[in-house]
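Me: I have a model open and would like to understand the words used to describe it. Could you take me through them?

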Amino acid sequence: MTQSRAYHHGDLRRALLDAAVEVMAESGPAALSLRDLARRAGVSHAAPAHHFGDKAGLLTALAAQGFALLAEALRDAGDDLIDTGVAYVGFAVRHRAHFEVMFRPDLYRADDPEVAAARTRAGELLRTGVARRTGRGPDVDALAAWSIVHGFATLWNSGALPPRVGADPEAAARTVISRLFP
């Protein structure tokens with residue numbers, strides 16, 4: 001491909017990340033290859049390596065993007081802990097590919113500064129919400145709250161919840177979280 005072909009995308013990095021999300025939605029992170037992403041994006045096989053180095057670099061960028069999106073969703077949820085938990089579940093369902101990568105540090109460079117900063121922002125929003133709700137130190141309560149919403153989101157995404165839970169993940173999550181944090 002010529003260099004002018006890459007400019008056709010405008011933002012090749014973003015196009016490659018979008019293609020990665022698409023592949024992962026179809027087949028999971030194991031099926032992801034830089035060569036396939038290049039083919040999908042219509043660029044040379046060297047283009048993804050230029051932007052990300054290797055598959056771990058691509059997944060690092062995807063994890064950083066995911067943690068940033070999660071932090072945004074948690075911030076937008078406001079101060080209510082239940083709304084924050086519902087936002088977490090909503091994020092996991094709407095951004096499933098990101099969610100699957102973010103909590104698999106064996107797939108990416110977990111010590112990457114961009115990942116660490118975005119992960120810290122998301123974690124702080126959750127811990128702050130828990131501390132406001134409980135009035136206690138945030139560490140153990142935040143771990144409990146995170147475990148509940150993360151577990152629910154994981155069960156939802158894997159299809160492991162019984163049909164009686166319903167078809168709306170956020171409504172179902174609200175019911176569960178409300179029972180545990182009245």
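Reply: Gladly; here are some questions about the terms, with answers. This is a predicted model, in which local features need pLDDT of at least 70 and side-chain atom pairs count only at pLDDT 80 or more, while totals for chains, interfaces and linings use all residues. Residues are numbered from 1 along each chain as its sequence is written, and side-chain values use heavy atoms, with hydrogens and water left out.

Me: How many helices and strands does the protein chain have?

Reply: The protein chain has 10 helices and 0 strands. Helices are DSSP runs of H or I with at least four residues, strands are runs of E with at least two, and both are numbered from the N terminus.

Me: Why is threonine 60 called buried?

Reply: Buried means under 20% relative accessible area, exposed means over 50%, and partly exposed is in between (1.4 Å probe, protein chains only). Threonine 60 has a relative accessible area of 5%, so the word is buried. Threonine 60 is in helix α5, residues 55-76. Across the protein chain, buried residues make up 41% of the 182 residues.

Me: Which residues is threonine 60 in contact with, leaving aside its neighbours within four places in sequence?

Reply: They are Tyr108, Arg109, Asp112 and Val115. Contact means heavy atoms within 4.5 Å.

Me: What makes α2 and α5 roughly perpendicular?

Reply: Two packed helices are described by the angle between their axes and the distance between the axes. Helix α2 (residues 12-27) packs with α5 at an angle of about 90°, and their axes are 11 Å apart. Axes are lines fitted to C-alpha atoms, for helices over the stretch in contact, and angles run from 0 to 180 degrees between N-to-C directions. Angles under 35 degrees count as roughly parallel, over 145 as roughly antiparallel, 65 to 115 as roughly perpendicular and the rest as oblique. The pair α2 and α5 is therefore roughly perpendicular.

Me: Which residues make that contact?

Reply: From α2 they include Leu17 and Val21, and from α5 they include Leu58 and Leu62. By class, the contact of α2 with α5 has 8 nonpolar, 1 polar and 2 charged residues.

Me: Where does UniProt place the feature "domain: HTH tetR-type"?

Reply: The unreviewed UniProt entry places that feature at residues 10-70. UniProt annotations may be inferred rather than shown by experiment. In the model, residues 10-70 are 75% helix and 0% strand.

Technical notes: Ala, Val, Leu, Ile, Met, Phe, Trp, Tyr, Cys and Pro count as nonpolar, Asp, Glu, Lys and Arg as charged, and the others, Gly among them, as polar.
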